[in-house]
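Subject: Handing over the structure

Dear colleague,

I am passing this structure on to you, and you will find it just below. My notes on what was found in it follow.

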Amino acid sequence: MPSQVRVVWDPGFTAYDFGPGHPMNPARLDLTARLCDALGVFDADGVEVFSPGAPDDDLLLTVHEPGYVEAVRAASEDPRAADTSRGLGTDDDPAFRGMHEASARVVEGTRQVCADVWEGRAEHGVNFCGGLHHAMAGNASGFCIYNDIAVGIQWLLDHGAQRVAYVDVDVHHGDGVQSLFWDDPRVLTISVHESGRALFPGTGWPSETGGEGAEGSAVNVALPPGTGDSAWLRAMHSTALPLVRAFRPDVLVTQHGCDTHVQDPLAHMALSVDAQRGAADALHRLAHEVCGGRWVALGGGGYELVHVVPRTWTHLTAIAAHAPVPLTAPVPEDWLEHVRTAYGREGPRRMGDLDPADGPIWHQPWDMGYNPHSEVDRAIMATREAVFPLHGLDPWFD
């Protein structure tokens, strides 16, 4: 019998480590796995946790330039030899020994869960160590060395998938994935992010809709700083969901960077864990609706390593396991004690942020009307006007 979900993890993934003081602290991965374990998510029926090895360079070369892979290998062996023209050895992407192997294992994890889902060994796949969406064909960018997402999508295309939809809810624009599939009409890339006027990488405008012959294959929702739960969920439900339904993909790949949270130190959005869990739930349901449940869910950004990342990605993994954790569930005391001992901090007491007495987050459906006085609604409408007609959809009513 196929697994319900295959999950990529072993402690060796903490080797993807840019060093002390870097925001991409690998502790966020360890704390996520510990929380999954403490809540019994890894032990749920149908959950298989596995550890991938490092792939051959041939896999990396399906999306990356040979000279770039050589440059990563050289910097991995001697960080002093890092080629800054390739984005290596910079403040964002410091070189470190073993960088190639650590980064390549993330890629292989995503490729393997894509293969497991496509070939029927699992209904869903999760790699919260992955989601490295900024890496380009020939250079590192934004804490990302290799683009595991693009490699996974390319593998699906090379093995028979006709259409792949990619939805990215990280606070930063998914520029690397968009760039790598800019001219490919078989891949729909959708990014819901904070506006590039306020945040790296400064791209992701509604006018970016895909290359010649692939018009409408790139979708960008650029939201204003300070966007909160209800408005953010309205944006996602009013753009990503109808477009994925119209595209009818064979597989849905999603990236769940949780740096949209109000406590994240690198961005300016105002979301709760509750809204991030709501997005994961909606995208999971969408996969069952449009592509027979074939869903690959990945991590991404997220830099509040105690209060945010572990809870959000534990919710994601539990949803994929069909064993969702209630927002009212207490955080296990043994996990909290580990946080106190290892980091000298108090962790969150519940799996959600919001007062349960207030009820679930409500967002206004698009069919209730467009509000031109709302900056968020204007951002949504800009995207709908740019791409909905290219998919046979009405920007005002669909």
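For what follows, helix axes are lines fitted to C-alpha atoms over the stretch in contact, and angles run from 0 to 180 degrees between N-to-C directions. Helices (H or I, at least four residues) and strands (E, at least two) are DSSP runs, numbered from the N terminus. Please keep in mind that this is a predicted model, in which local features need pLDDT of at least 70 and side-chain atom pairs count only at pLDDT 80 or more, while totals for chains, interfaces and linings use all residues. Residues are numbered from 1 along each chain as its sequence is written, and side-chain values use heavy atoms, with hydrogens and water left out.

The axes of helix H8 (residues 273-290) and helix H9 (residues 309-320) come within 9 Å of each other and cross at roughly 25°. H8 and H9 are therefore roughly parallel, a term used for angles under 35 degrees. On the H8 side the contact (heavy atoms within 4.5 Å) is made by Val273, Gln276, Arg277, Ala280, Asp281 and His284, and on the H9 side by Arg311, Thr312, His315, Leu316 and Ile319. By class, this contact of H8 with H9 has four nonpolar, four polar and three charged residues, where Ala, Val, Leu, Ile, Met, Phe, Trp, Tyr, Cys and Pro count as nonpolar, Asp, Glu, Lys and Arg as charged, and the others, Gly among them, as polar.

Helix H7 (residues 229-247) packs with helix H11 (residues 375-387) at an angle of about 10°, and their axes are 10 Å apart, which makes H7 roughly parallel to H11. Here Ala231, Arg234, Ala235, Ser238, Thr239 and Leu243 of H7 meet Val376, Asp377, Ile380, Thr383, Arg384 and Val387 of H11, and the residues of this contact divide into six nonpolar, three polar and three charged.

Leaving aside residues up to four places away in sequence, Thr209 touches Trp182, Ala214, Glu215, Gly216, Ser217, Ala218, Ala386 and Val387. Thr209 has 15% relative accessibility and so counts as buried (under 20% relative accessible area, with exposed over 50% and partly exposed in between, for a 1.4 Å probe and protein chains only).

Finally, a search of the whole structure finds zero disulfides, meaning pairs of cysteine sulfur atoms within 2.5 Å. The sulfur of Cys129 is 10 Å from the closest cysteine sulfur, that of Cys36, which is too far for a bond. Cys36 counts as buried at 0% relative accessibility, and Cys129 is buried with a relative accessible area of 6%.

Conventions. Parallel < 35°, antiparallel > 145°, perpendicular 65-115°, else oblique.
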